[in-house]
Amino acid sequence: MSNNKIKTEEQVNAKNVTKTSKKKSFKKKKSTMEQILAPNNIRKGLKHSAGFAGSLLINVLIVFFIIKIFAYAFNFTYSVFGNVCKSPGDTEYVVVEIPADSSILEIGQALEDGEIIDDKYVFFAKVKVKGYGDKIKTGKFGLSASMNYDEILQIICELETEEEE
């Protein structure tokens with residue numbers, strides 16, 4: 001019986017210990033609040049929030065640049081495969097000279113410098129897609145910013161148009 005009594009006393013002591021540990025944990029919560037409000041911990045919190053803001057800013061910039069890349073790719077592709085001109089209402093003609101042994105990019109640069117086209121790389125891609133690389137003639141050509149890439153290529157390659165046939 002004394003064993004039962006001892007166990008019961010041990011169980012009572014164990015219950016008392018858990019009650020006191022709960023009280024201690026409550027006191028620890030108070031001390032945790034005090035620790036949170038301590039100046040060193042406030043600095044740590046600010047560093048953490050600054051790190052979060054910095055990573056958020058980096059992520060926003062990455063998304064922005066991805067959107068810009070897709071927009072440029074879309075506009076480039078549209079210019080290569082679409083019927084695009086620099087200035088639709090422009091009636092002024094500019095004489096552009098294409099010297100012998102000029103590369104496609106040099107011709108595109110001359111057209112860009114003459115303000116006939118917007119992008120020499122679009123011109124380069126258009127020539128490659130159409131297969132006109134070896135058909136471009138040398139000489140002086142009267143071109144306008146209201147012409148699309150196909151019309152410019154018809155003139156500088158001296159191709160027959162559908163209307164002339």
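A: Helices here are DSSP runs of H or I with at least four residues, strands are runs of E with at least two, and both are numbered from the N terminus. The model is a predicted one, so local features need pLDDT of at least 70 and side-chain atom pairs count only at pLDDT 80 or more, while totals for chains, interfaces and linings use all residues. Residues are numbered from 1 along each chain as its sequence is written, and side-chain values use heavy atoms, leaving out hydrogens and water.

Let's take helix 4 and begin at its two ends. At its start, a side-chain oxygen of aspartate 119 reaches to within 3.0 Å of the backbone nitrogen of tyrosine 121. That is a polar contact (a pair of N or O atoms within 3.5 Å; within protein, one must be able to donate a hydrogen and the other to accept it, and residues adjacent in sequence count only if both atoms are side-chain atoms). Just past the other end, glycine 131 takes a positive phi of about 80°.

Now look at which residues are hidden. A residue is buried under 20% relative accessible area, exposed over 50%, and partly exposed in between, using a 1.4 Å probe and protein chains only. In helix 4 the buried residues are Lys120, Val122, Phe123, Ala125, Lys126 and Val127.

Phe123 leads us to the largest nonpolar core, which has 22 residues. Such a core is a set of buried Ala, Val, Leu, Ile, Met, Phe, Trp, Tyr and Cys residues joined through side-chain atoms within 4.5 Å. Leu111, Phe123, Leu143, Ile152 and Ile156 have the most contacts inside it. Strand 1, helix 3, helix 4, strand 2 and helix 5 each give two or more residues to this core. Isoleucine 156 touches Phe123, and its other partners include Ile98, Ile107 and Leu143, leaving aside residues up to four places away in sequence; contact here means heavy atoms within 4.5 Å.

A salt bridge is a side-chain nitrogen of Lys or Arg within 4 Å of a carboxyl oxygen of Asp or Glu, and the count comes to three. In one of them, aspartate 150 pairs with lysine 126, with the closest N and O atoms 3.6 Å apart. This pair links distant parts of the chain, since aspartate 150 sits in helix 5 (residues 149–156) and lysine 126 in helix 4, 24 residues apart. Lysine 130 is partly exposed, with a relative accessible area of 39%. Together, Lys126, Lys130 and Asp150 are linked in a network of salt bridges.

Finally, step back into the loop between helix 3 and helix 4. Aspartate 118 meets lysine 86 in a salt bridge (3.9 Å, N to O). Aspartate 118 lies in that loop, and lysine 86 in the loop between helix 2 (39–81) and strand 1 (93–98), 32 residues away. Both are partly exposed, aspartate 118 at 48% and lysine 86 at 31%. Glutamate 115 is found in the loop between helix 3 and helix 4 too, and it is exposed at 54% relative accessible area. Its phi is near 55°, a positive value in a residue other than glycine.
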